[in-house]
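Work through the exercises below with the sequence and the model open. Try each task before reading its solution.

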Amino acid sequence: MATVSYASAMRQHAARNPDHIAIWFGEQQCTRGELELRTNRLARCYAGLGVVADDLVTIALPNGIEFLEACLATWKLGATPQPISSRLPDVERLAIVELANPRLVVGAEPGSYGDQNCIAPGFEPAAEISDAPLPDRVSKCARAMTSGGSTGRPKVILDTSPGTCDPDTADNGMQTEGTTLVPGPLYHAGPFITCWQALLCGGTAVVCGKFDAQTALSLIERHRVDWVLFVPTMMQRIWRLPDEIRDAFDVSSLRRVMCTGAPSPDWLKRAWIGWLGPE
């Protein structure tokens, strides 16, 4: 196993096939080459605002290509993405920002947190900023997710595993260059981790804005999705669709359906096994 930085893995995939679509979000798409060049420029913008290795970068963006670009730009500087919900009430977001003390908040208007450096949603790097490769860096901590835990007070959970991977090896039963559906919010650990597992092994991530049972099935059919992570509530909502609607979609491309995030009723898993087949 040849492990490299996340940035190097994505750069290798871009070099092999720059026109391969890395991300779908609705009708928007982003190729490997576009992702590589844009995040090089974005990383330089972050560096200009003081981001260096081992810093936290709070990412307060909704699901979408912009969210994933912010993560990769952060890793390219050896820093750590710290995702939070873009819909948090101001008081809760402030509590997390004060606790994490990030070098930069992406997804907030400048001045939102006093002297804290912020970049507004929809930020576009200036055209004159270079998109050339940056020096290779490894993030000491791959991610920093948040949790209220049992106390209700915000916590930052720092993953101390480094931001490295083998770009030619797929995790979690995925396929290299396979297609993964991401139906959950990227500020949650499961969707965040599995989305990046797919991208880092050269796959395509089909990212949902908001979960809808029928839309999820249509995306599986349209993009020939072979891997998906659902929480039990999502599986129940799909299963409760009328038979004629659920069975109208071709989901034969699926090779693995994972379920986590809460206890899953036996009847629900048996129903899905009966529908998709035990293999």
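A crossing is left-handed if the near helix is turned anticlockwise from the far one by less than a right angle, and right-handed if clockwise. Helices (H or I, at least four residues) and strands (E, at least two) are DSSP runs, numbered from the N terminus. The model is predicted: local features need pLDDT of at least 70, side-chain atom pairs count only at pLDDT 80 or more, and totals for chains, interfaces and linings use all residues. Residues are numbered from 1 along each chain as its sequence is written, and side-chain values use heavy atoms, with hydrogens and water left out.

**Exercise 1. Describe how helix H2 packs on helix H3.**

Step 1: geometry. H2 spans residues 32–48 and H3 spans residues 65–75. They pack at an angle of about 65°, and their axes are 8 Å apart. Axes are lines fitted to C-alpha atoms, for helices over the stretch in contact; angles run from 0 to 180 degrees between N-to-C directions.

Step 2: handedness. The crossing of H2 past H3 is right-handed.

Step 3: residues. Contact means heavy atoms within 4.5 Å. H2 contributes Leu35, Arg38, Thr39, Leu42, Ala43 and Tyr46. H3 contributes Glu69, Ala70, Leu72, Ala73 and Thr74.

Step 4: Seven of the contact residues are nonpolar, two are polar and two are charged. Here Ala, Val, Leu, Ile, Met, Phe, Trp, Tyr, Cys and Pro count as nonpolar, Asp, Glu, Lys and Arg as charged, and the others, Gly among them, as polar.

Step 5: the strands. H2 also lies across strand E2 (21–25) and E3, at about 80° to E3.

**Exercise 2. Trace the open sheet of six strands.**

Step 1: order. Read it as E3-E2-E12-E11-E13-E14, with mixed pairing. Two strands pair if DSSP finds at least two bridges between them.

Step 2: edges. Strand E3 (28–31) and strand E14 (256–259) each have a single partner strand, so one side of each is left without a neighbour in the sheet.

Step 3: twist. From one strand to the next it averages 15°.

Step 4: pairs. Strand E11 (residues 179–182) and strand E12 (residues 204–207) are parallel, over four bridges. Thr179 has Thr204 of E12 as its bridge partner. E11 and E13 are also parallel, over two bridges. There, Leu181 stands opposite Val228. E13 and E14 run parallel, joined by four bridges. Trp227 faces Arg256 of E14.

**Exercise 3. Which strands stand at the edges of the open sheet of four strands?**

Step 1: order. The strands follow E5-E4-E6-E7, with parallel pairing.

Step 2: edges. Strand E5 (80–83) and strand E7 (118–119) each pair on one side only.

Step 3: one pair. Strand E4 (residues 56–59) and strand E6 (residues 104–106) share three bridges. Val57 is opposite Leu104.

**Exercise 4. Locate the largest nonpolar core.**

Step 1: terms. A nonpolar core is a set of buried Ala, Val, Leu, Ile, Met, Phe, Trp, Tyr and Cys residues joined through side-chain atoms within 4.5 Å. Buried means under 20% relative accessible area, exposed over 50%, partly exposed in between (1.4 Å probe, protein chains only).

Step 2: sources. H3 gives the largest share, eight residues.

Step 3: Leaving aside neighbours within four places in sequence, Leu68 contacts Ile23, Leu186, Cys195, Trp196, Leu199 and Val207.
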